[in-house]
Amino acid sequence: MNPDKRIKAALIFICIMVLAAVFAGFISPWNPLETDVLNKFAPASLSHPLGTDHLGRDELSRLLYGIRMSLLSVLLISASVVALSFAVGLAAGYRGGIFDAVFMRICDVFLTFPTFILALFLIGILGVGLLNVVIAIVLTHWAWYARMVRGLVLEYKGQGWVTASRSLGTGKLAVVIRHILPSVFVQMIILITLDLGHMLLHVSGLSFLGLGVQAPTPEWGVMISDAAPFIREHPMLIIYPGLCIFITVAVFNILGEALRDKLDPSYVYRGSGCDGPASAVEPEAR
Amino acid sequence: MAYFIIKRLLLLIPILLAVSFIVFFLLRFGPVDPAYAYLTQSQIPPTEEALAQTRIELGLDRPFPEQYLSWLKKAVTMDFGISYVTKRPVLDDVLYYLPVTLKLTGLSMLFIVFFSVPLGVYSALHRDGPWDRGLSLLSFAGVSFPSFWLGFLLIYVLSLKLGWLAPFGISSPSGYVMPVLTLSFMSFAINMRLTRTSVLEHMGARSVVYARARGLSERNVIGKHVLKNSMIPIVTSLGMHFGELLGGAVIVETLFALPGLGRYAVGSIYSHDYPVIQCFMLLMTAVFILVNLAADIIYAWLNPKIRYGEAG
């Protein structure tokens, strides 16, 4: 399929998910927190389309509410990563000097940690909870992006159109905002979209470990760990939330790859088939 | 080459120092007071007096640089303090759990290298063939699959439905089969795809066109000119993926109830057992750095440009 069609399909799917998340209160047949112990592990029926879980809560309603947590956390993480890495990377790349040198060393240290382990460590310090998971993932990802922004800024700084604008007397800040930022932004959008799925996997993985979203809040990773003891008799309770994570991550990945193919066709042959922060191919290395 | 390796080993010292400083700094200035965590874990009510007493005991009353230096001195001699929970030396506990984690991640790495690279090469050489399409689909699924979900699916199908493997534990070597599959699937998928891209990229290189023009056999061209060069980015990527494996091991050990370091660390996070969390973090980072050093050395061996560039 050509990239335009893939982007359209993925965006339509994401829009439907956003709508489902926003209107979860209207379309869910039941309250996701309402327990009904007499009716636990109910099979699929008209009133409970996907059955109920070990506390008699409606599975479909919990899955629908689960979209909220997933989208919200991914949105928060990616927005914060973009903001942070832009601020630091632009400043370092454009100003250079000591600020840049110090910044590069800090990044180097962050990049030596294995990301998921660093996230665990930060949660160990900050305590469990969704917000702390978001903070931990932002702190473990920003350095990759900041370095990328810095590298791109250095690359664009020497381009003809930037020099031309400088020679016309445009101020430093104006040059950055008008001529460098837009180009860097396009690259960042591609990279962050490629990483969205990875981020969601981190969030749900941490929730699965019991370190992120806390029960009884409906979240897909938590639902899987809740259903784990009943895997023999009720495997569907694990399959549904897992399928939700898988499909969401897959759609994010389809969108990211399609955007990459459309906006930056050279990327395909630059040799990075890796999604996740490890894909941060340094622009300097080109 | 020896010069290159010695230089890289010496570079490890400042990196490890910086890492240890950051880890120490973050723990000391986190929102939870270590003295408070210590007391609650020891079942002592955290009164003002007890807190003050514990702070002196743990050395938290001294200025920060002094605390760091005295901790560093001990850490160099492999003394990481006493666990708040078990009251045993942290290192003993950690070394008890470490072998399972290393075995799990090591086996997964072997699995990834032995399967993703040949399959990626095969895919590239038979581009757009049925196998290539199938493997591309598999690698797309791999990058989107939550590992913990895969683990449960494997348990359900292989253990509960087919009865081939024991669902949990590692009483027999076959106990590692499902954990290794679960842990390596994503990195396997990513590296297979990367191998395919890298090989395709190098097939179009000028040196390859020239080698063909010289009339070298196809086998010679692929073996000598394409494969060796296309392995360069893959070695780096494999090194980076070791970090993903160490992180993923935490989830996989919890899922399959393996007595590994990751599962132990998750427990320590719940109980605010700071010395353990600290030691876990440092040890995992050190392992990751060493694996990447090994990857760098292989990289330099494959790519003389780097070797001489760095050494000269």
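Me: What is the mean pLDDT of chain A, and what share of its residues reach 70 or more?
Reply: This is a predicted model. In chain A, 92% of residues reach a pLDDT of 70 or more. The mean pLDDT of chain A is 83.

Me: Which helix of chain A has the highest confidence, and which the lowest?
Reply: Helix 7 (residues 160-167) of chain A is lowest, at a mean of 81. At 91, the highest is helix 10 (residues 236-263) of chain A.

Me: Over which residues of chain A does pLDDT stay under 50?
Reply: The model has 51 contacts beyond four places in sequence for this stretch. Where pLDDT is low, predicted coordinates should not be read in detail. The stretch is residues 268-286 of chain A.

Me: Which element gives the largest share of the nonpolar patch?
Reply: The patch covers about 620 Å² and is made by A:Val18, A:Leu19, A:Val22, A:Phe23, A:Phe26 and A:Ile27. Helix 1 (3-22) and helix 2 (24-27) of chain A each give two or more residues. The largest share, three residues, comes from helix 1 of chain A.

Me: Is A:Val22 buried or exposed?
Reply: A:Val22 sits in helix 1 of chain A. Its relative accessible area is 52%. Exposed means over 50%, so A:Val22 is exposed.

Me: Why does B:Ser174 count as partly exposed?
Reply: B:Ser174 lies in the loop between helix 7 (147-161) and helix 8 (177-203) of chain B. B:Ser174 counts as partly exposed because its relative accessibility is 34%.

Me: What separates the C-alpha atoms of B:Ser174 and B:Arg212?
Reply: Along the chain, B:Ser174 and B:Arg212 are 38 residues apart. Their C-alpha atoms are separated by 46 Å.

Note on methods:
Residues numbered from 1 in each chain as written. Chains lettered and ligands numbered in written order. Predicted model: local features only at pLDDT ≥ 70, side-chain atom pairs only at ≥ 80, totals over all residues. Heavy atoms only, no water. Helix = DSSP H or I, 4+ residues; strand = E, 2+ residues; numbered from the N terminus. Buried < 20%, exposed > 50% of the residue type's maximum accessible area, 1.4 Å probe, protein only. Patch = residues over 30% accessible without salt bridge, like charges linked within 9 Å, V, L, I, M, F, W, Y side chains within 5 Å. Areas by Shrake-Rupley, 256 points an atom, 1.4 Å probe, with all protein chains shown as cover. Salt bridge = Lys/Arg side-chain N within 4 Å of Asp/Glu carboxyl O. pLDDT = per-residue confidence, 0-100. Contact = heavy atoms within 4.5 Å.
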